Amino acid sequence: MSLAGKIFNVVHYVANKVQRPAVILLYHRVTDLEQDPQELAVSPANYDAQLGHLAAEYNVLDAARFMYHVKHKKPFPERSVFITFDDGYADNYHEALPVHAKHELPGLFYITTSKLGTSQELWWDDLERILLATDPLPLALKVNINGQAWEYPTDSFAAARKTYFALQQVLRFSTPDVIDAVMAQLHDWAGVTAEGRSSHRLMTWEELKVMSQSPYVTIGCHTHRHPAVGVLSYDEQYKEIATSKTLLEQYLHLPVDHFSYPFGSRKFLGAKRYYNADSIKAAKALDLKMVCANYHGQVHTWSNPYALPRILVRDWELPVFKNKMEQFFKY
């Protein structure tokens with residue numbers, strides 16, 4: 001283990017001796033995929049087993065109760081867990097929600113609004129569709145990214161996969177307009193349309209409305225176009241968050257008090273960050289009550305309610321998940 005990892009464990013060990021923690025779990029998808037390079041999908045079978053274990057062994061809190069403890073600095077009940085989802089994939093409604101109903105467990109679903117009710121995929125899925133699911137491809141990709149020429153090899157699947165990950169890292173720190181321009185170039189280059197795969201679509205507005213009426217669901221916002229908000233100006237961040245919040249409230253006729261940062265990690269590249277002080281300022285200005293990030297950690301009464309840590313869950317079978325959960329409450 002690295003020195004940083006050892007320090008991390010010691011700090012959290014001491015914190016947990018002072019006060020028992022709560023853990024926020026982060027999911028994205030519940031479905032079976034042919035390929036999943038981002039490892040965002042948990043199979044329905046594994047998700048069912050995971051929620052069964054949580055129902056039997058942990059205190060799974062709903063959004064209102066979890067927020068009460070966060071906002072009022074009240075210690076959490078022992079082994080408290082909060083389940084969250086990012087993005088708004090259609091499988092959240094079709095495959096995750098029935099599992100929540102079966103186990104009677106609540107979850108908070110953060111929704112990106114720009115592609116709801118469309119056939120278009122979120123840009124990282126569209127990038128995968130073009131580079132990893134289109135055959136044949138040209139031997140090399142030449143693309144203009146915000147005025148700069150880039151060239152990547154695509155003469156084999158291995159090369160295309162390497163290009164996929166390299167280009168994804170660049171686009172993560174790009175504005176939505178730049179991302180849209182790059183994806184339009186890739187569509188032309190590969191000879192494909194912007195029409196996405198049904199397996200990767202987001203919910204329709206009608207599906208989201210039905211889902212929002214479930215007693216096991218709370219809806220939060222997740223920006224309109226899913227940028228790393230930290231690369232945007234304050235006004236741009238405010239608009240991205242406000243647009244998603246407003247659209248959701250207008251259509252669902254429900255208050256939206258929760259938000260999560262797209263990507264949301266503390267990692268950064270130079271001055272480019274996934275979120276920053278302006279992000280928190282915008283969330284407060286929009287009267288959002290609780291905001292989740294995406295860095296590994298536990299929640300205590302002293303945690304920042306506008307940058308709460310979450311732990312990403314992978315497609316773990318039950319024995320692995322059980323072991324992971326025990327670890328999550330120790331370090």
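User: Is G196 buried or exposed?
Analyst: This is a predicted model. Buried means under 20% relative accessible area. The relative accessibility of G196 is 19%, so G196 counts as buried.

User: Where does G196 lie, and which residues does G196 touch?
Analyst: G196 is in the loop between α7 and α8 (205–212). Leaving out residues up to four places away in sequence, the residues that G196 touches are S119, Q120, E121 and R129.

User: How many Å apart in space are G196 and T118, C-alpha to C-alpha?
Analyst: In sequence, G196 and T118 are 78 residues apart. In space, the C-alpha to C-alpha distance between G196 and T118 is 8.9 Å.

User: Which residues have the most contacts inside the largest nonpolar core?
Analyst: In soluble globular proteins, nonpolar side chains tend to be buried together. Here the largest nonpolar core has 83 residues. Helix α7 (residues 176–190) gives the most to this core, with 7 residues. The residues with the most contacts inside the core are L25, Y47 and L54.

User: Which residues does L54 touch, not counting residues up to four places away in sequence?
Analyst: L54 is one of the residues with the most contacts inside the largest core. With residues up to four places away in sequence not counted, L54 touches L25, V60, V81, I83, L105, F321 and M325.

User: How many residues does the second, separate core have?
Analyst: This second core is separate, and I24, L61, A63 and F66 are among its residues. Its size is 15 residues.

User: Which residues of α11 are buried, and what covers them?
Analyst: The buried residues of α11 are F321, M325 and F328. Seen down the axis of α11, these buried residues fall within an arc of 60°, so they line one face of the helix. What covers them includes β1 (22–27), α2 (44–57), β5 and β14.

User: Which residues does S80 touch, not counting residues up to four places away in sequence?
Analyst: S80 is found in strand β5. Its relative accessibility is 0%, so S80 counts as buried. Beyond residues up to four places away in sequence, S80 touches P21, A22, V23, N59, L61 and F329.

User: What kind of peptide bond joins D135 and P136?
Analyst: P136 lies in the loop between α5 and β7 (140–145). Omega of the bond between D135 and P136 is about 0°. The peptide bond is cis.

User: How many cavities of 30 Å³ or more does the search find, and how much space lies in the largest cavity?
Analyst: Rolling a probe the size of a water molecule over the atoms shows where empty space is left. A search of the whole structure finds 1 cavity of 30 Å³ or more. The space in the largest cavity is about 70 Å³.

User: Which helix gives the most to the lining of the largest cavity?
Analyst: The lining includes R29, W124, D125, E128 and H200. By class, this lining has 6 nonpolar, 2 polar and 4 charged residues. The helix that gives the most, with 3 residues, is α5 (residues 123–132).

User: Which residues lie nearest the centre of the largest pocket?
Analyst: The largest pocket has a volume of about 760 Å³. Its lining has 34 residues. Those nearest its centre are R172, F263, N294, L312 and R314.

User: Which element gives the most to the lining of the largest pocket?
Analyst: The lining divides into 17 nonpolar, 10 polar and 7 charged residues. At least two lining residues each come from β5 (80–87), α6 (157–172), β14 (311–312) and α11 (318–328). The element that gives the most, with 4 residues, is α6.

Definitions and conventions. Residues numbered from 1 in each chain as written. Predicted model: local features only at pLDDT ≥ 70, side-chain atom pairs only at ≥ 80, totals over all residues. Heavy atoms only, no water. Core = buried A, V, L, I, M, F, W, Y, C linked by side-chain atoms within 4.5 Å. Buried < 20%, exposed > 50% of the residue type's maximum accessible area, 1.4 Å probe, protein only. Contact = heavy atoms within 4.5 Å. 1 Å grid on protein atoms, 1.4 Å probe; cavity = no way out; pocket = protein on both sides within 12 Å on 5 of 7 lines; lining within 4 Å. Points joined across faces, edges and corners; volume = space filled by probe spheres on them. Nonpolar A, V, L, I, M, F, W, Y, C, P; charged D, E, K, R; others polar. Arc of directions from axis to C-beta.
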